[in-house]
Amino acid sequence: MAKNKDHYSISRILKIIHMYHINMKNIKEMERGLASVGVVQYGIEATLPKSNAISKVVENEAVRLADSSRYWVETITDMKYIQDRWHRVTDEKEAMILNLRLNGISIAEIGYIMKLDRSNVYRNLRKIAKNIKGYPQGSATNATNLVKS
C-alpha cells in the first residue's frame, strides 16, 4: 500500500502516540513468545554449543507470520513513523510531554508532573503532532518549504 503525504493526519498521529506504549508492550510480548520457540536437535548437533539466537527455520516462520498480519505491519509502520520523526520536537517541555505520553502516562498525570492543566497538555500534544507531521516552520514558505533568505 503506497502511503501519500496526507496519510498521517494530526488525529492519526495523536492516536499513534496514545497507543504507542500499549503497542510496544504487545510487540515485546510477541517477540518474547517467538524467542522461546526452539528447535530440538539430536546427535552431534545436540552437544555443540548453542547461541541465544533464534534458529533460521523458526526465525523465517516468525517473520512470515508477522508479515502476514496486516494489523501488526501497519502498527509497526505507524510506530516507526513516530520514531523517525520525534527529533522534530525540539522544545524541551514538548519533548518531555511526548516522552511521558509514549511511556503510557495519562494526560492528568502529565499535567500534574508538568504543572499544566489538561487543556494545555492536549494543546501541546496537538502541537507535537503538527511538528511530527512536518508542518513548515516559521522560516519556511508554505509553497516550497524552502527557507526564506
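Let's start where two helices meet: H5 and H7 are roughly perpendicular to each other, because angles from 65 to 115 degrees count that way and their axes cross at roughly 95 degrees. Keep in mind as you look around that this is a predicted model. Helix H5 covers residues 92-102, and its axis comes within 10 Å of that of H7. On the H5 side, the residues that take part are Lys93, Glu94, Ile97, Leu98 and Arg101. They meet Val121, Asn124, Leu125, Lys127, Ile128, Asn131 and Ile132 in H7. Sorted by class, this contact has six nonpolar, two polar and four charged residues.

Helix H7 has another partner to visit. Helix H6 spans residues 107-114, while H7 spans residues 118-133. The axes of H6 and H7 come within 9 Å and cross at roughly 100 degrees, so H6 and H7 are also roughly perpendicular to each other. Here Ile107, Ala108, Ile110 and Gly111 in H6 meet Arg118, Val121, Tyr122 and Leu125 in H7. The contact of H6 with H7 has six nonpolar, one polar and one charged residues. If you look back at the two lists, you will find Val121 and Leu125 of H7 both in the contact with H6 and in the contact with H5.

Now follow H7 itself. It has 16 residues and reaches 23 Å from its first C-alpha to its last, close to the 22 Å expected at 1.5 Å a residue. Its buried residues are Val121, Asn124, Leu125, Ile128, Ala129, Asn131, Ile132 and Lys133. An α-helix has 3.6 residues a turn, so residues three or four places apart point the same way. Just after the helix, Gly134 takes a positive phi of about 95 degrees.

Which residues does Ala129 contact, leaving aside its neighbours within four places in sequence? They are Ile10, Ile13 and Leu14.

Leu14 belongs to helix H1 and is partly exposed, with a relative accessible area of 23%. Beyond its neighbours within four places in sequence, Leu14 is in contact with Leu125, Arg126 and Ala129. Its C-alpha atom is separated by 9.5 Å from that of Lys130, 116 residues apart along the chain.

The last stop is a pair of rings. The count of aromatic pairs comes to three. One of them joins Tyr8 and Tyr81: the ring centres are 3.8 Å apart and the planes are at 15 degrees, so the pair is stacked. This pair links distant parts of the chain, with Tyr8 in the segment before helix H1 and Tyr81 in helix H4, 73 residues apart. Are these two residues buried or exposed? Tyr8 counts as buried at 5% relative accessibility, and Tyr81 counts as buried at 9%.

Helix H4, which carries Tyr81, has 16 residues and reaches 23 Å from its first C-alpha to its last, close to the 22 Å expected at 1.5 Å a residue. Its buried residues are Trp72, Thr75, Asp78, Met79, Tyr81 and Ile82.

Notes: Residues are numbered from 1 along each chain as its sequence is written. This is a predicted model: local features need pLDDT of at least 70, side-chain atom pairs count only at pLDDT 80 or more; totals for chains, interfaces and linings use all residues. Side-chain values use heavy atoms; hydrogens and water are left out. Axes are lines fitted to C-alpha atoms, for helices over the stretch in contact, and angles run from 0 to 180 degrees between N-to-C directions. Helices (H or I, at least four residues) and strands (E, at least two) are DSSP runs, numbered from the N terminus. Angles under 35 degrees count as roughly parallel, over 145 as roughly antiparallel, 65 to 115 as roughly perpendicular and the rest as oblique. Contact means heavy atoms within 4.5 Å. Ala, Val, Leu, Ile, Met, Phe, Trp, Tyr, Cys and Pro count as nonpolar, Asp, Glu, Lys and Arg as charged, and the others, Gly among them, as polar. The expected span of a helix is 1.5 Å times one less than its number of residues. Buried means under 20% relative accessible area, exposed over 50%, partly exposed in between (1.4 Å probe, protein chains only). Rings of Phe, Tyr and Trp (its six-membered ring) pair if their centres lie within 6.5 Å; planes under 30 degrees apart count as stacked, over 60 as edge-to-face and the rest as tilted.
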